[in-house]
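User: I have a structure open and I'm new to this. Could you walk me through it while I ask questions?
Analyst: Gladly; ask in whatever order you like.

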Amino acid sequence: MRVCVIGTGYVGLVTGACLAHIGHHVICIDNNADKVALMQSGQSPIFEPGLAEIMQAAMQAGNLEFTTDLGAGVAHGEILFIAVGTPALPTGESDTRYVEAVARGIGSHLNGGYKVIVNKSTVPIGSGDWVKRIVLDGVAERQQTIAGFDVVSNPEFLREGSAVFDTFNPDRIVLGSNSTKAIAMMRKLYAPIIARRFAEDPFLLPVPVVETDISSAEMIKYAANAFLATKISFINEVANICDRVGADVTQVAQGIGLDSRIGKKFLQAGIGWGGSCFPKDVSALIHTAVDYGYDAQLLRKAVAVNERQKLIALEKLQQVLKILKGKTIGLLGLTFKPDTDDMRDAPALILIEQLNRLGAKVKAYDPIIAQTGMAHGLSDVKVESDAVQLADGCDALVLITEWQSFRKLDYAKLGEKMISKIIIDGRNFLDPEVLTASGFQYIGIGRPTHK
Ligand code: NAD
């Protein structure tokens, strides 16, 4: 099928490249000309495992093109994906100005046959009809007759760090629309993925397709992220109680996670959730509730618990080091999770800010930032190029991101470089016995301290 994807970030580029990989002819649009030039040369502007490879293969097969020309993309596509960002406004509401600009642009270029316009961006409930109206406004301005279009809400559930895998192995595909014709085209588009032709295990049952009205599809995305964020806040709350009573939250999580009604995923206690989706999506849902006269108390508390949790490493540093002024703290990892270069709303940012405020010197080593040299939004932190350099002169280390390579570090060697051998494991990721054998005082989240 002929596809146009507008917005080539983590979602748009992965969606475009994966759809091209399964045989569709895809044109990806971005209004960032530098980014488009980079992609035209076969390079991915983001770090996402496997992405550059499928991009290059699809480009060589002639299935994937990049341009800034929205008109060309709209003329080409029978299916037009809107995949631009929807960040949070300072009020917590979703900033839909990029979606609006794209919808208007589509309207002013719409021509040819029937088209399906897909909201892939996470947009507030009610955006389906809103997008339709903006597109129609754009069409009306040109006083043109068009063959017609429908809007589909097709929220995205991929995880940064495994986005390509997730696109080929989704748990479900959600299609929200009141048009059977549009749904049929979306099913055709996704048929190879639904049939698991590109899945890791092709013998699994087909991917479930959830067909809903537009509002329910939009709500599914918010509810899913709000649930996952709340689940993490829940286990962090349990961890904080474990800390006080001397229980070990990793054992507690195992014990409750084996209950199939609970499930073991998203029960890892740590320094809080962040990233480009959970914070903004939970606050947007809280805001939507307020708009409709409802106080979403549970969600507000999930956010409050998370805000406090982002400072848990600081609290533990103060307990063990007392005065932080003049001390040097080394952060192992910066990104909000491993296998991504995304720093948006990463818990590390608030920790860095607070450590600086208290007069500590902050250094950090993150494998992806060391590799790409990208350190967007990072100030007041010295970024080191390896873990040994990081450890040099540190009073304590704090593990921020659970990069696999951090399990394999030579902690005895790191310890030799440090002023005091203290590690706060902000993700309960390291083996306390390995650390104590290397002479470290190991402090986890919600688990007893090991000396
Ligand atoms: P992003 O910020 O990485 O990418 C957005 C892209 O859109 C940028 O490249 C930007 O240049 C481009 N853009 C902005 N305005 C444009 C315009 N008028 N025309 C063309 N291009 C334009 O965003 P993202 O992380 O890919 O997220 C996109 C949407 O998907 C958001 O609504 C987000 O909530 C949702 N989502 C994200 C994830 C994720 O893990 N990142 C997962 C699921 C859903």
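Analyst: Before we start on the record, please keep in mind that UniProt positions follow the numbering used here, and that its annotations may be inferred rather than shown by experiment. The model itself is a predicted one.

User: OK, so which residues does UniProt list for "binding site"?
Analyst: The UniProt entry, which is unreviewed, lists Asp-30, Lys-35, Thr-86, Thr-122, Glu-160, Lys-280 and Arg-344 under that heading. They are spread over 315 residues of sequence, and they are also spread in space, with up to 24.4 Å between C-alpha atoms.

User: Let's take Glu-160 then. Where is it?
Analyst: Glu-160 sits in the loop that runs between β6 (149–153) and α7 (163–168).

User: And why does Glu-160 count as buried?
Analyst: Glu-160 counts as buried because 24 other C-beta atoms lie within 10 Å, where the cut-off for the word is 20 or more. If we leave aside its neighbours within four places in sequence, Glu-160 is in contact with Tyr-10, Glu-48, Thr-340 and Asp-342.

User: What about Lys-280, which helix is that in?
Analyst: Lys-280 belongs to helix α11, which covers residues 278–291. Lys-280 is buried too, since 23 other C-beta atoms are found within 10 Å. Again leaving aside neighbours within four places in sequence, the contacts of Lys-280 are Pro-87, Ala-88 and Ser-94.

User: Now the ligand. How many residues surround it, and which are the closest?
Analyst: There are 26 residues around the ligand, and the closest are Gly-7, Gly-9, Gly-85, Ser-121 and Thr-122. Thr-122 is also one of the positions that UniProt lists for "binding site".

User: Let me zoom out. How many helices and strands does the chain have?
Analyst: The secondary structure comes to 18 helices and 14 strands.

User: And how does its radius of gyration fit a compact globule?
Analyst: For 451 residues, a compact globule would have a radius of gyration near 22 Å, and the chain has 24 Å, so the value agrees. Along its principal axes, the C-alpha trace spans about 75 × 50 × 45 Å.

User: What share of the residues is buried?
Analyst: Buried residues make up 47% of the 451 in the chain. As for contacts, if you take those with a separation of 6 or more, 72% of them are between residues 24 or more positions apart.

User: Back to strands. Do β1 and β2 run parallel or antiparallel?
Analyst: Strand β1 (residues 2–6) and β2 run parallel, and 5 bridges join them. To find one of these on your screen, look for Arg-2, whose bridge partner in β2 is His-25. Strand β2 (residues 25–29) is mostly covered, with 4 of its 5 residues buried.

User: What's the strand order in the open sheet of 6 strands?
Analyst: The order is β11-β10-β9-β12-β13-β14, and the pairing is parallel. Strands β11 (382–383) and β14 (441–443) form the edges, where each pairs on one side only. Between β13 (residues 422–425) and β14 there are 3 bridges, and Ile-424 has Ile-443 as its bridge partner in β14.

User: Which residues have a positive phi without being glycine?
Analyst: Among them are Asp-345, with phi near 55°, and Asn-428, with phi near 50°. Most residues other than glycine have a negative phi. Asp-345 is placed in the loop between β9 (328–332) and α14 (347–357), while Asn-428 is in the loop between β13 and α18 (432–437).

User: Are those two buried or exposed?
Analyst: Asp-345 counts as buried because it has 20 C-beta neighbours inside 10 Å, and Asn-428 counts as buried because it has 20 as well.

User: Last one: where is Met-219, and how far is it from Leu-331?
Analyst: Met-219 lies in helix α9 (residues 214–245), and its C-alpha atom is separated by 37 Å from that of Leu-331, which is 112 residues apart from it along the chain. Met-219 also counts as buried, since it has 20 C-beta neighbours inside 10 Å.

Terms used:
Residues numbered from 1 in each chain as written. Predicted model: local features only at pLDDT ≥ 70, side-chain atom pairs only at ≥ 80, totals over all residues. Helix = DSSP H or I, 4+ residues; strand = E, 2+ residues; numbered from the N terminus. Buried ≥ 20, exposed ≤ 12 C-beta atoms within 10 Å, placed from the backbone. Contact = placed C-beta atoms within 7 Å. Near = placed C-beta within 6 Å. Rg over C-alpha atoms; globule rule 2.2 N^0.38 Å. Pairing = 2+ DSSP bridges.
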